[in-house]
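This report describes selected contacts, positions and cores of the structure shown below.

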Amino acid sequence: MAMPADKRNLARPTVTLVIIAAVLTVGLVTLANLTRDRIARNQEVWIKQHLDALVAPQSYDNDPLTDTIEVIAPDLLGTAAPVTAYRMRKGGLPVAVAIRSIAPDGYRGPLELLVAIAPGGQLIGVQVIRHNETPGLGDAFENRDAGWLDKFRGLSLSKPPQQRWTVRRDGGDFDAFTGATITPRAIVKAVRRTLEFYQGNEDRLYQDGKPR
Amino acid sequence: MNTPAAHNDDAEGLSVRPGAASNFPPPPARHRAFGSTLQLLALCPLLAVSDTVVKALGFGALVLVIFPLATLLLAAVRRWLDESIVLPCSLLVTAGLVTAAELFMRAWFHDLGASFGVFLPLLAVNVVVIDQLQTSSADRGTALIRSVRIAVGIALTLIALGLARELVGRGSLLSGAATLFGSWAQQLEIKVFSVDMGFLLALLPPGAFISLGLLIAARNWMARRKSTPP
């Protein structure tokens, strides 16, 4: 049986909690506002480092960080969320586009990739920009097998042919890492699918302005 | 059946800190042992950030700031708190603190903060657990000193584990120092020996538990040597 006294006793703590929550919210919102620019700049520096590793900055004259387009293709880009594509141009002519696609089937969750493609559909290179793979095994592309990602340079949908676009164990052309097959398999598949997406959307990817 | 006695028991079980009175006697030794076990358990989620020295240093520094700050804040608001909302309020305050720490890391130590992943937010749980253990702490000063001591203990444990795990797992020390100290620190990395894969187990989560076990064993061994005269 709830007594009226209980109800009255509930009011004060509730008000106290609400006040504390409000004070905390104000404090956090202030801090978020103070740090927002810095955090955004850090993100830009971070993505720019990966872009520079793929495409030499002197080969284009626009700012790919602002010349972006958001595309949605859950089947080919590995995520239902919008995917950012950075466009690089020189004198208005397309030089490359870098698509932030997802390899959804990594060993420990999805891997975030940056796939740079030249006009015509030839791969410029691939970077893994975020992942959770097992240290020492699935992350071999970062240290032990550091040249592995370089092998994507110059490949396209027809080179190698479709049935060989997978790891050696599945009859393909790509080496796996010692002790880890799932990670390279996921990356190869995601790169291939990103290329397929590019082939079907090349014109749209370079179109000016944001999509409506 | 809702007998008055059962009702009382219930209330006792639910009340969060029965010993909040100011001059409560220190807990018996058995309680202290229980407390240290809980502290040990509270340490476990933090082990994941001890795979390199730099991560351990960075996280240890955060712990050193967040723990005393949380104690001070909670002590400051406690006088307005009804006993029934001490726990939700501790959660709110520590979650807020940890969120602030996360924003700070993302703004000033972006890469290091990213490598902490979910374990920085998880720190809130540790703070609450340890704060709840301080039921008998009388005045603010004692509580503060105690939380600083706990934080120092956690930081030192993390650093010791980081040293051992990075050395065994990668054969290096201070790799990635640039993420904590800025780009000049790149040359701080010491390559002790060169390994292809290192001793992988040391870097994986089980390695953290094994290292912690060894650390506790060493501590117990030293404590026993001290207590038994030669």
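**Conventions**

Helices (H or I, at least four residues) and strands (E, at least two) are DSSP runs, numbered from the N terminus. This is a predicted model, in which local features need pLDDT of at least 70 and side-chain atom pairs count only at pLDDT 80 or more, while totals for chains, interfaces and linings use all residues. Residues are numbered from 1 along each chain as its sequence is written, and chains are lettered from A and ligands numbered from 1 in the order in which they are written.

**A loop position in chain A**

A:N62 lies in the loop between α1 (4-54) and β1 (68-71) of chain A. The residue has 15 other C-beta atoms within 10 Å and is therefore partly exposed; a residue is buried with 20 or more other C-beta atoms within 10 Å of its own, exposed with 12 or fewer, and partly exposed in between, C-beta atoms being placed from the backbone.

Leaving aside neighbours within four places in sequence, A:N62 is in contact (C-beta atoms, placed from the backbone, within 7 Å) with A:D67, A:M88 and A:R89. From A:N62 to A:G91, 29 residues apart in sequence, the C-alpha to C-alpha distance is 8.3 Å.

**A loop position in chain B**

B:S175 is found in the loop between β1 (172-173) and α8 (178-181) of chain B. This residue counts as partly exposed because it has 19 C-beta neighbours inside 10 Å. Not counting residues up to four places away in sequence, B:S175 touches B:T52, B:V54, B:E166, B:R170 and B:E189.

**Nonpolar cores**

A nonpolar core is a set of buried Ala, Val, Leu, Ile, Met, Phe, Trp, Tyr and Cys residues joined through C-beta atoms within 7 Å. The largest has 44 residues, of which A:A96, A:A98, A:L113, A:V115, A:A116, A:I117 and A:I187 touch the most other members. Elements giving two or more residues to this core include β3 (93-99), β5 (111-118) and α3 (182-206) of chain A; α3(A) gives the most, with eight residues.

Another core, apart from this one, has 42 residues, among them B:F67, B:F109, B:L123 and B:I150.

**The interface between the chains**

In chain B, 23 residues are in contact with 19 residues of chain A. On the chain B side, α4 (86-108) and α9 (200-203) are the elements that give two or more residues, and α4(B) provides the largest share, 10 residues.

By class, this side of chain B has 15 nonpolar, five polar and three charged residues. Here Ala, Val, Leu, Ile, Met, Phe, Trp, Tyr, Cys and Pro count as nonpolar, Asp, Glu, Lys and Arg as charged, and the others, Gly among them, as polar.

Definitions and conventions
Two residues are in contact if their C-beta atoms, placed from the backbone, lie within 7 Å.
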